[in-house]
Amino acid sequence: MKRNFLFAGSILVSSMFLRAQKADTVFKKKIIDKTEIDIFYNHYSQDGNNSAVTGGIGTEKLTVYAPSIKIVRTKKNNSISFKGGADIISSASTDNIDFIVSSASKLDMRSYINLGYAHEFTKKRIAIRAGTGISIESDYLSLPVNLGATYTSKNKMQVLNCDFQMNFDDLRWGRLNENYHRPVRLIYPSELRYQTWFKTYKRNSFSLKLGFQQVLNKRNVLGIYPEFTLQKGLLSTPFHRIYFKDSNLGIENLPQLRQKVLLGIKLNSFVGGITILKNRVDLYMDDFGLKGLALENESSFKLNPVLTLSPSFRIDFQKGSKYFKPYGMHISQEIFYTSDYDLSSMKTYQFALAMRYLALKNIGRGAVFNDIKFKYAYYWRSNQLNAHIFSVLFTGLVDHALKKNHRKP
Amino acid sequence: MKVKLYLILLFIVLLASCKVVKPHERIFINDPEMQLGSDEMDNYDNYVHSIREGSIPAGSAKSSGGCGCN
């Protein structure tokens with residue numbers, strides 16, 4: 001009898017203990033509640049001697065300072081993103097629209113804001129997203145609209161992406177001018193403002209971007225990205241001069257319709273214990289007659305758990321547009337013409353070195369400083385244009401669930 | 001034509017070598033450096049290439065023309 005009491009008592013006590021423990025340690029599905037922050041700065045410095053503003057000759061000296069910030073707030077299956085930034089441009093070629101050459105080149109600025117929303121249907125493994133924004137500079141306004149979806153297979157071996165992107169652009173100048181604050185007119189070179197060269201000032205672009213990612217095995221992943229773009233409207237730049245063979249002067253004239261087909265292929269491979277090879281091939285063609293093939297390799301070496309060093313090399317072969325000819329080579333009877341060397345036949349090389357430091361430093365209240373990445377790249381084109389590109393990226397995270405727990409007494 | 005043929009062959013060989021990778025075998029695939037997506041730095045590189053080269057890379061942030069004075 002005594003033994004039975006002891007047994008019943010121990011069961012009761014242990015059941016009470018179990019109940020108490022259950023209240024403390026029961027499994028709770030963690031709700032994602034976080035904010036990711038990327039702070040980015042890029043410094044771009046370029047020089048060359050084929051400016052399209054002066055008909056394919058003249059300085060292309062340019063410096064761009066480009067800070068930006070991206071914030072993504074995620075709660076449960078929803079996320080809202082904000083990206084804002086500015087490109088502060090010091091360009092000698094901009095001076096040459098009016099031939100007013102100052103000792104310090106004219107400063108221009110492009111400011112932009114992008115907003116996005118994404119929702120994930122966890123059970124169906126589908127994510128949908130939409131976004132819009134605005135990009136404005138003295139002679140350009142762009143309104144982008146994006147719609148997209150991602151599907152992930154049940155075993156996570158395949159990921160399919162589909163995005164439709166539209167850009168509605170207006171090339172009129174005047175919005176940022178203190179005397180107007182509204183779009184007024186297209187900007188032509190100063191000596192060519194005696195007539196209207198183009199009837200339209202709009203440029204609309206529509207892009208269908210597809211993506212197919214496949215995990216090949218434990219160490220290899222492949223991505224294939226076909227893309228189709230249609231552009232309509234004013235595709236010429238209204239202040240690009242053309243110097244004809246017969247000494248006439250005109251403005252770049254390109255067709256008002258352009259179709260582009262692109263294909264990107266990426267293969268990332270984890271080789272051995274510390275090396276990751278990232279290979280990329282890009283193919284391009286359009287109905288201006290441009291064809292391009294770019295090959296890129298980035299080899300990332302994980303020197304230790306926190307430090308990764310990534311040298312990279314990129315080479316691009318471009319067959320020029322059928323509308324391109326250098327300074328003084330076009331004849332005025334031609335319908336379409338440009339002396340913009342971006343559309344010429346050339347080879348391009350880029351050497352870069354990136355370093356990533358994984359800090360994972362807890363800075364309190366659920367905030368974590370994730371990592372910092374530096375990159376320097378030297379860009380060289382076979383027509384002598386060269387550029388130095390320096391970038392730095394800080395990424396951080398605030399875990400709001402953790403932050404709430406900190407507040408509790 | 002030959003390049004296209006080689007690319008198709010390479011694609012077939014790669015897909016034929018696919019193996020289902022279980023969650024506990026994803027240590028290499030899940031490494032941050034192995035992700036195919038682009039970070040802000042890659043996006044800016046693509047942006048520069050899209051301006052300085054008439055032939056833009058796939059996945060580039062900029063599909064429209066832009067000012068072009070630079």
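Residues are numbered from 1 along each chain as its sequence is written, while chains are lettered from A and ligands numbered from 1 in the order in which they are written. Because the model is predicted, local features need pLDDT of at least 70 and side-chain atom pairs count only at pLDDT 80 or more, whereas totals for chains, interfaces and linings use all residues.

The model scores ipTM 0.82 and pTM 0.86. Residues 63-70 of chain B have a pLDDT below 50. This stretch still has 28 contacts in the model beyond near neighbours in sequence; two residues are in contact if their C-beta atoms, placed from the backbone, lie within 7 Å. Where pLDDT is low, the predicted coordinates should not be read in detail.

Chain A holds three helices and 18 strands. These elements are DSSP runs, numbered from the N terminus: helices are H or I with at least four residues, and strands are E with at least two. Chain A has 409 residues, of which 31% count as buried. A residue is buried if 20 or more other C-beta atoms lie within 10 Å of its own, exposed if 12 or fewer, and partly exposed in between, with C-beta atoms placed from the backbone. Among chain A contacts between residues at least 6 apart in sequence, 55% join residues at least 24 apart.

Two loop residues of chain A stand out by backbone angle. Most residues other than glycine have a negative phi. Lys76(A) is not a glycine, yet its phi is positive, at about 55°. Lys76(A) sits in the loop between strand E2 (62-75) and strand E3 (78-91) of chain A. Lys76(A) is exposed, because 11 other C-beta atoms lie within 10 Å. Gln384(A), also not a glycine, has a positive phi of about 80°. The loop that carries Gln384(A) runs between strand E17 (367-381) and strand E18 (386-399) of chain A. Gln384(A) has 13 C-beta neighbours inside 10 Å, so this residue counts as partly exposed.

The contact between the chains takes 67 residues from chain A and 35 residues from chain B. On the chain B side, helix H1 (2-16) and helix H2 (40-52) are the elements that give two or more residues. H2(B) gives the most, with five residues. By residue type, the chain B side divides into 17 nonpolar, ten polar and eight charged. Here Ala, Val, Leu, Ile, Met, Phe, Trp, Tyr, Cys and Pro count as nonpolar, Asp, Glu, Lys and Arg as charged, and the others, Gly among them, as polar.

Definitions and conventions: pLDDT = per-residue confidence, 0-100.
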